[in-house]
Amino acid sequence: MNRVFMKVNSFHLAVDVGCGTGQSSHLLAKHFEKVVGTDISKAQIEEAKQATHPPNVSYLVCPAEELPFEDRSVDLLTAFTAAHWFDIPRFMNEVDRLLKPSGCVALSTSTLDMRLHYKDRSEKLTGIIKEIKDQIFTYAHEKVKRVANDYKEIFDSLPLQDKERITDILDHVPMSVADLMGYIQSFSPYQIFLKAQPDAAKSLVQNAEQRILETMGVSSRDTQLELVTRQVCVLGYKSS
């Protein structure tokens, strides 16, 4: 366990900010008496509420910069693949206000570093995914630069003395080629690209899939490969 979290001594309330449909909130449920997932999107929160979830998990619609909890009431505050979208100064004020003494904050995201592994074709496949990513991310929002900079701005803004930034966490995810294409299309820059140039965006994905299948020497979209992404995590501990 990371040295920051070894200091946590209370597991009453965890708040998962920017929780989306609640998958990350579920992960916290087994460790805390109460977990509250928050998101600014009513649609996302409605989906989270409709899905099966642990009885100690609840959801609220609210902005990350205006969290409806009492001062010094939160043991753990998290944001997974979300913090770079927040108004950072206002959000950090909330972090400082909400954390109990001995409370912790964890802000993590997948970076733009991705590799594909499949037999002896890994290098060629990784080159293809890099080309696709570079084209898509020309449409990235300004705030995505916080991801490209490994959350350094977010780390520097965290108003806690005891903090660290970990930049070398690797996540190995088996998936099919079809799943990989869906993952690429879930990127916010791709969605912007799709709205701006729908034909070009769809063509990019179709061509990418064909190149990946040809490089792998297979024809089925169900063929499994491994996606390796690098994760960044900013951790902080409030001593008093």
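Predicted model: local features only at pLDDT ≥ 70, side-chain atom pairs only at ≥ 80, totals over all residues.
1. Start with Phe137 and Phe187. Their rings form a tilted aromatic pair, 5.8 Å centre to centre with 55° between the planes. Phe137 sits in the loop between helix H4 (122–136) and helix H5 (145–148), while Phe187 is in the loop between helix H7 (177–185) and H8, so the pair ties together parts that are 50 residues apart in sequence.

2. Phe187 has another partner, Tyr183. Here the ring centres are 4.9 Å apart and the planes stand at 80°, so this pair is edge-to-face. Taken together, ring pairs link Phe137, Tyr183 and Phe187 into a cluster.

3. Buried or exposed? Phe187 is buried, at 12% relative accessible area, and Phe137 is buried too, at 18%. Tyr183 comes out as partly exposed, with 24% relative accessibility.

4. On to the helices. The axes of H8 (residues 188–196) and H9 (residues 198–216) come within 5 Å and cross at roughly 130°, which makes H8 oblique to H9. On the H8 side the contact is made by Tyr190, Phe193, Leu194, Lys195 and Ala196; H9 brings Pro198, Ala200, Ala201, Lys202, Leu204 and Val205. By type, the residues of this contact divide into nine nonpolar, two charged and no polar.

5. One more ring to check: Phe155. The charged end of Lys163 sits over the ring of Phe155, 4.8 Å from the ring centre.

Notes
Residues numbered from 1 in each chain as written. Heavy atoms only, no water. Axes fitted to C-alpha atoms, helices over the stretch in contact; angles between N-to-C directions. Helix = DSSP H or I, 4+ residues; strand = E, 2+ residues; numbered from the N terminus. Parallel < 35°, antiparallel > 145°, perpendicular 65-115°, else oblique. Contact = heavy atoms within 4.5 Å. Nonpolar A, V, L, I, M, F, W, Y, C, P; charged D, E, K, R; others polar. Phe/Tyr/Trp six-rings, centres within 6.5 Å; stacked < 30°, edge-to-face > 60°. Buried < 20%, exposed > 50% of the residue type's maximum accessible area, 1.4 Å probe, protein only. Lys NZ or Arg CZ within 6 Å of the ring centre and 35° of its normal.
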